[in-house]
Amino acid sequence: MHHTNNLISNSKKFMMKKIYLLSVGFALSLGAAQAQQLTTCNFGEVEFVTDYGEFGFDSYPCAGVFNHVSANGQYAVGYDSQTVTSETGSSFLWRRSNPDQLEQISTSTDRVSATDVSNDGIIVGSFEKRSDIYTQDIAYPGFKHVDDAEWTKLPVPEDYSLYYAEWMSFSSEARAITPDAQFIGGHVNIKGGEAEVQGAKLDKCNELPVIWKKTEEGYVIDQVFTGLGAPGKHQQLIDDELVTLDTEATYNTFFVRDISNDGRTLVGLNVSGRGGFNPAFIRDGVLVQLFECGEEDSPEEEVNFNGGYIQTIDANGNMYGYYADPNNIPYFFTFTADGKLVWNEDGTLCADKAGNTYPLYYEEMYPMWDCSEDGTVFVGAGTGDLGFGAYNYPMLAYDKSVSAISTMNKGSELSMSYKNNVLSIIGASVCGNVYDASGKLVRTIAQGGSLDMSAMPAGTYVVKVATATGIKTYKIAR
């Protein structure tokens with residue numbers, strides 16, 4: 001059995017409860033710092049409809065997993081990446097303002113994915129404009145606002161593989177967006193030559209990570225990580241220390257799973273030249289691998305193909321993921337913001353801004369992938385059976401005491417929090433004015449301040465926040 005250097009040096013840490021990804025016969029500890037009264041939404045009975053034009057309509061059960069929830073807990077998105085119940089894959093949106101409902105993002109034969117959403121409702125993913133269910137077309141990474149019908153294409157490099165974009169479903173995607181929507185992280189297939197397979201010429205591709213940056217004209221490519229893992233820009237965790245190596249990391253594909261709030265760090269997994277899955281992240285152009293799952297220049301070495309990945313990075317810079325050993329037994333870890341690898345017995349894959357961690361089994365969900373920064377919304381999936389095997393359907397849990405906040409402006413760099421009758425302005429502002437339903441000014445909130453509304457009459461209030469770039473308007477229901 002092949003183990004990595006840092007696993008050998010941390011062998012005592014492996015004397016812990018083993019957590020099996022497919023085991024459903026036991027419950028794990030909650031892992032949160034305090035108990036909450038959460039409401040669980042099970043969307044296993046939801047049916048979506050596809051419009052086939054002249055061929056009519058068809059309905060099918062909603063399958064898939066919530067990938068991410070916005071940092072402020074106002075939205076959550078996901079999709080059926082395995083196309084279990086739909087040929088085009090189902091994409092869905094949840095809004096805190098309508099918590100018992102799940103919205104179908106596309107009702108046509110277009111194939112769309114939804115992977116993350118910002119505080120102001122910018123969804124990222126990919127989209128393909130199909131004329132019918134049987135006709136493939138070119139897919140592109142893209143974005144849309146929760147209230148928009150159409151997707152907008154993100155720019156792609158000149159050597160973007162049109163072959164892979166047409167025939168490999170969900171291969172090039174925008175995977176994550178920062179809470180303020182300033183940065184988007186994802187991966188795209190880049191053409192690196194051709195290979196002949198059974199007489200047909202096919203693109204040879206690398207799936208390279210990309211960061212897009214928001215400008216006044218829209219999103220532009222900020223970085224394409226070519227030459228990933230080059231000598232001097234490749235680090236490995238060895239004996240609990242990150243070591244910069246003068247050798248090149250064998251690289252095949254990097255799959256993005258999340259992006260840090262400042263847009264500097266992408267987390268996910270690196271697929272090595274021999275196929276091993278390495279939990280890894282990219283920061284400032286440097287590829288950092290936490291484990292080593294077998295390199296292509298060491299043929300005598302057993303390759304651990306199981307690997308694992310980093311699922312999330314929280315607001316404080318801590319990363320959460322799992323490592324699966326050669327026997328496919330997963331061990332969950334946190335890689336802390338100060339560079340320490342810590343093993344977790346409860347299967348932690350996310351944490352809120354206050355530092356409370358939450359396990360893979362949570363509020364009837366398995367898996368529970370992500371949580372909001374205030375720790376009031378948790379998203380993931382349940383498991384069902386359609387007669388041909390198990391599949392996932394979207395599930396989430398949320399705190400009913402936290403009210404929904406609907407934005408009336410797109411692209412705001414601010415967000416609002418309304419919890420336990422306290423209204424707070426998050427982000428740079430000059431001041432905030434609160435108006436009642438008649439338009440009367442009832443309160444003013446100073447920069448970075450909050451307002452206890454518990455003594456105010458129930459109803460709808462409009463909050464207008466002055467910033468350096470203009471007025472942002474929000475509505476809340478008390």
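A nonpolar core is a set of buried Ala, Val, Leu, Ile, Met, Phe, Trp, Tyr and Cys residues joined through side-chain atoms within 4.5 Å. In this predicted model, the largest such core has 42 residues, and those with the most contacts inside it are Ile 123, Ile 184, Trp 212, Tyr 219 and Phe 254. In soluble globular proteins, nonpolar side chains tend to be buried together.

The surroundings of Ile 123 can be followed in more detail: once neighbours within four places in sequence are set aside, its contacts include Val 77, Leu 93, Ile 105, Val 117, Phe 143, Val 146 and Trp 151. For the protein as a whole, 55% of the 478 residues count as buried, and of the contacts between residues at least 6 apart in sequence, 52% join residues at least 24 apart.

The secondary structure comes to two helices and 38 strands. Four of the strands form an open sheet with antiparallel pairing in the order S4-S5-S6-S7, in which strand S4 (65–69) and strand S7 (103–104) are the edge strands, each pairing on one side only. Within this sheet, strand S5 (residues 75–79) and strand S6 (residues 91–95) run antiparallel and are joined by five bridges, and Ala 76 has Trp 94 in S6 as its bridge partner.

Turning to charged side chains, a search of the whole structure finds eight salt bridges. One of them joins Arg 95 and Glu 103 at 2.5 Å, N to O; Arg 95 counts as buried because its relative accessibility is 14%, whereas Glu 103, at 28%, counts as partly exposed. Both residues belong to a network of salt bridges that also links Asp 147.

Another salt bridge, between Arg 130 and Glu 128, has an N to O distance of 3.2 Å, and both residues are buried. Glu 150 forms a salt bridge with Lys 129, with the closest N and O atoms 3.3 Å apart. Glu 150 lies in the loop between strand S10 (139–145) and strand S11 (152–153), and Lys 129 in the loop between strand S9 (122–128) and S10, so this pair ties together parts that are 21 residues apart in sequence. Glu 150 is exposed, with a relative accessible area of 51%, while Lys 129 is partly exposed at 42%.

Trp 167 lies in helix H2 (residues 162–167) and is partly exposed, its relative accessible area being 48%.

Technical notes: Residues are numbered from 1 along each chain as its sequence is written. This is a predicted model: local features need pLDDT of at least 70, side-chain atom pairs count only at pLDDT 80 or more; totals for chains, interfaces and linings use all residues. Side-chain values use heavy atoms; hydrogens and water are left out. Buried means under 20% relative accessible area, exposed over 50%, partly exposed in between (1.4 Å probe, protein chains only). Two strands pair if DSSP finds at least two bridges between them. Contact means heavy atoms within 4.5 Å. A salt bridge is a side-chain nitrogen of Lys or Arg within 4 Å of a carboxyl oxygen of Asp or Glu.
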